[in-house]
Amino acid sequence: MKYSKLFGKTIKEISKEETSINAKLLTRAGFIRKEVAGVYNFLPLGLRVLNKIAQIVREEMNKAGGQELSLSALQNKENWDKTSRWESFDALFKLTSKFEKEYALGPTHEEVLVPLVSEFVSSYRDLPIYAYQIQNKFRDEARAKAGLLRGREFLMKDLYSFHLDEKDLMEYYEKMKKVYTNTFKRLELSSIETKASGGTFSDFSHEYQVICESGEDEIIYCPGGDFSENVEIAKVSEGKQCDLGHGPLKKAKTIEVGNIFLLKDKFSRVFNLVYKDKNGKDKFVQMGCYGIGISRVMGAIVEVHHDERGIVWPDAVTPYDVHLIILENAKKEADKIYKELEKAGIDVLYDDREETSAGEKFADADSCKVSSE
Ligand code: ATP
Ligand code: MG
């Protein structure tokens with residue numbers, strides 16, 4: 001890609017409205033533009049990063065047996081009434097069309113997927129099923145000042161698992177813990193698996209938390225890696241000695257990049273999602289759900305990986321592998337290198353501008369270091 005032709009370049013000043021580090025740096029470097037509070041447009045550089053994150057997550061979900069699908073964002077109100085979440089889901093966007101029909105704008109997809117799965121499940125032979133999507137979610141969040149960390153429209157990967165019994169559900173849940181840790185490792189985020197409340201469905205859930213001052217969450221954790229709880233549920237406090245001798249427990253502010261939940265038969269009961277077991281007896285399907293905030297991950301990566309000059313993308317998600325800059329009188333050589341790199345299948349951002357000083361080019365490159373040197 002030639003920088004001279006790139007849609008979305010580095011700018012020097014950004015509006016004072018952006019207060020978070022991720023939104024400031026991403027806006028300055030030409031990756032995103034705010035539409036309204038909590039809603040961002042992704043320019044070509046930003047979309048490349050988002051797609052790379054999504055692709056890593058997709059590969060990991062496929063390895064875990066996931067089948068990708070795409071569910072509707074405009075959702076049937078009746079199903080939200082059935083689960084009572086039309087009233088109880090705080091951040092639900094409710095739309096009324098001019099034809100006087102009401103819709104939910106999807107913040108999550110149990111109300112769509114569970115009735116759909118029930119069409120295809122009748123016998124124990126039809127299970128398990130693991131289905132996921134990577135799709136925009138809509139939530140009418142009260143606070144949306146943290147850039148990509150908390151959006152009103154944001155990209156999420158949500159996987160739902162459907163099992164014969166709780167034992168099979170628990171086995172898959174344990175497997176997904178490993179998949180999540182590995183996924184965040186590939187994204188160069190050190191995530192801490194953290195016990196958190198389970199909401200209305202079960203006693204606990206697990207969150208994947210990344211230590212960061214700008215995070216909204218707080219955890220108490222063991223630096224040796226064997227214990228972490230969200231402060232919302234933690235019964236121990238900072239400073240207590242770890243049982244395994246790793247020293248005192250610490251407290252840190254964190255960003256929740258993923259969350260896994262046991263749903264058990266909560267939704268199966270509402271939508272009568274049942275199967276016949278080997279003895280011909282009807283049983284409720286057991287479910288789990290597993291989310292990763294893809295656009296929040298992008299914001300978290302920026303919060304964690306930047307220096308005083310700008311974003312320092314980890315190799316795994318960098319928009320381009322090489323940032324090639326022409327200095328004076330070297331156009332011919334630079335053109336040649338650009339062509340060779342492209343031929344070799346390497347993604348190059350080529351700063352071919354002729355009227356721009358070398359200093360300015362280096363500064364622009366620093367604001368969004370597209371490769372790790
Ligand atoms: P939070 O506790 O941050 O409000 P949540 O627990 O409601 O999130 P889930 O419904 O479990 O989130 O969604 C799965 C993942 O989607 C979260 O772990 C997070 O990474 C991401 N996510 C949730 N809400 C938002 C949002 N408003 N903007 C960006 N990402 C989000
Ligand atoms: Mg949460």
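Biologist: Is C242 buried or exposed?

Modeller: Keep in mind that this is a predicted model. The relative accessible area of C242 is 8%. Buried means under 20%, so C242 counts as buried.

Biologist: How many disulfides does the structure hold?

Modeller: A disulfide needs two cysteine sulfur atoms within 2.5 Å. The cysteine sulfur closest to that of C222 is in C242, at 3.6 Å, so the two are too far apart for a bond. C222 is itself buried, at 3% relative accessibility. The number of disulfides in the structure is zero.

Biologist: At what angle do the axes of helix α1 and helix α8 cross?

Modeller: Helix α1 spans residues 21-28 and helix α8 residues 294-304. In α1, I21, N22, L25 and L26 meet M298, G299, V302 and E303 of α8. That contact has five nonpolar residues, two polar and one charged. The axes come within 8 Å, and α1 and α8 are roughly perpendicular, crossing at roughly 90 degrees.

Biologist: Which kind of aromatic pair do Y130 and Y172 form?

Modeller: The whole structure has ten aromatic pairs. In this one, the ring centres of Y130 and Y172 are 4.1 Å apart, with 5 degrees between the planes. Planes under 30 degrees apart count as stacked, so the pair of Y130 and Y172 is stacked.

Biologist: Where in the chain do Y130 and Y172 sit?

Modeller: Both are buried, Y130 at 17% relative accessibility and Y172 at 3%. They are 42 residues apart, and their pair links distant parts of the chain. Y130 is in strand β7, and Y172 is in helix α6.

Note on methods: Residues numbered from 1 in each chain as written. Chains lettered and ligands numbered in written order. Predicted model: local features only at pLDDT ≥ 70, side-chain atom pairs only at ≥ 80, totals over all residues. Heavy atoms only, no water. Buried < 20%, exposed > 50% of the residue type's maximum accessible area, 1.4 Å probe, protein only. Axes fitted to C-alpha atoms, helices over the stretch in contact; angles between N-to-C directions. Helix = DSSP H or I, 4+ residues; strand = E, 2+ residues; numbered from the N terminus. Parallel < 35°, antiparallel > 145°, perpendicular 65-115°, else oblique. Contact = heavy atoms within 4.5 Å. Nonpolar A, V, L, I, M, F, W, Y, C, P; charged D, E, K, R; others polar. Phe/Tyr/Trp six-rings, centres within 6.5 Å; stacked < 30°, edge-to-face > 60°.
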